[in-house]
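Subject: Structure handover and findings

Hello,

Please find the structure below. My notes on it follow, with the cut-offs given where each term comes up.

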Amino acid sequence: DALPICGTGSTTGSDRKVERVGKSNGATHEITGNTLNVRNDAACVVLWTDDGGETYTKLAATKNEAGGYDFDLTNVPTNAVIKIAIKGDANGDGMVNSVDAGQAKAAALNKITFNALQTLIMDVDNTNVINSIDAAQVKAVSLNKLSLEW
């Protein structure tokens with residue numbers, strides 16, 4: 001299933017294409033030079049694709065002094081589409097809830113398969129696979145017992 005794409009946020013001095021993934025993803029962003037700055041209440045994952053979504057590359061987040069997170073775009077092709085998604089939001093509704101927890105558990109048990117974008121969104125422990133740790137962490141987030149790291 002395709003995740004809904006929200007509109008783009010603000011960009012400064014850049015013609016790069018940036019999309020928010022999820023119906024109510026409230027992340028804001030700004031590009032200055034080769035740095036993408038993202039702000040959101042929920043932890044986000046930033047990825048890019050230059051092959052129409054066949055493959056994605058996840059960018060590392062660095063907390064900045066202004067309270068947001070910076071992502072280095074130096075090695076991201078200028079024609080790439082950059083996506084900002086809520087970490088752990090499998091269905092793209094803009095929040096991590098019991099539906100996402102159930103999907104994470106099903107994926108960890110190989111009962112469902114996520115597409116490339118969903119896999120990176122749901123890989124909250126950064127092991128490049130959806131496993132029981134991801135499922136447990138997404139469930140804990142859905143119960144307000146855990147906040148994910150950027």
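A residue is called buried under 20% relative accessible area, exposed over 50% and partly exposed in between, using a 1.4 Å probe and protein chains only. Helices (H or I, at least four residues) and strands (E, at least two) are DSSP runs numbered from the N terminus. With those terms, strand S9 can be described: Val 81, Lys 83 and Ala 85 point one way from it, Ile 82, Ile 84 and Ile 86 point the other way, and all are buried.

This is a predicted model, in which local features need pLDDT of at least 70 and side-chain atom pairs count only at pLDDT 80 or more, while totals for chains, interfaces and linings use all residues. Residues are numbered from 1 along each chain as its sequence is written, and side-chain values use heavy atoms, with hydrogens and water left out.

Overall picture

The protein chain has three helices and nine strands, in the sequence pattern β-β-β-β-β-β-β-β-β-α-α-α. Its radius of gyration, taken over C-alpha atoms, is 15 Å, close to the 15 Å from the globule rule (2.2 Å times the number of residues to the power 0.38) for 150 residues, so the chain is as compact as a globular protein of that length. The C-alpha trace spans about 45 × 35 × 25 Å along its principal axes.

Of the 150 residues, 46% count as buried. A contact means heavy atoms within 4.5 Å; among contacts between residues at least 6 apart in sequence, 56% join residues at least 24 apart. The protein chain exposes about 7800 Å², and carbon and sulfur atoms supply 48% of that area; accessible areas come from the Shrake-Rupley method with a 1.4 Å probe, and for residues only the protein chains shown count as cover.

Strand S9

Strand S9 covers residues 81-86. Six of its six residues are buried, so S9 is largely enclosed by the rest of the structure. Two strands are said to pair if DSSP finds at least two bridges between them. Strand S2 (residues 17-21) pairs with S9 in the parallel sense over five bridges, and Val 21 has Ala 85 as its bridge partner in S9. Strand S5 (residues 44-49) runs antiparallel to S9 and is joined to it by six bridges; there, Thr 49 is partnered by Val 81.

Ile 86 belongs to this strand and counts as buried at 4% relative accessibility. Leaving aside residues up to four places away in sequence, Ile 86 touches Val 21, Asn 25, Asn 40, Ala 42, Ala 43, Cys 44, Gly 94, Val 96 and Ile 121. Ala 66 lies 20 residues from Ile 86 along the chain, and their C-alpha atoms are separated by 20 Å.

The open sheet

Four strands form an open sheet in the order S3-S4-S8-S7, with antiparallel pairing. Its edge strands, S3 (28-32) and S7 (62-63), each pair on one side only. S3 and S4 are paired over five bridges and form a hairpin with two residues between them, where Gly 33 in the turn has a positive phi of about 60°. S4 (residues 35-39) and S8 (residues 69-72) pair over four bridges.

Asn 37 in S4 stands opposite Glu 30 and has Asp 70 as its bridge partner in S8. Thr 35 stands opposite Asp 72 in S8.

Regards
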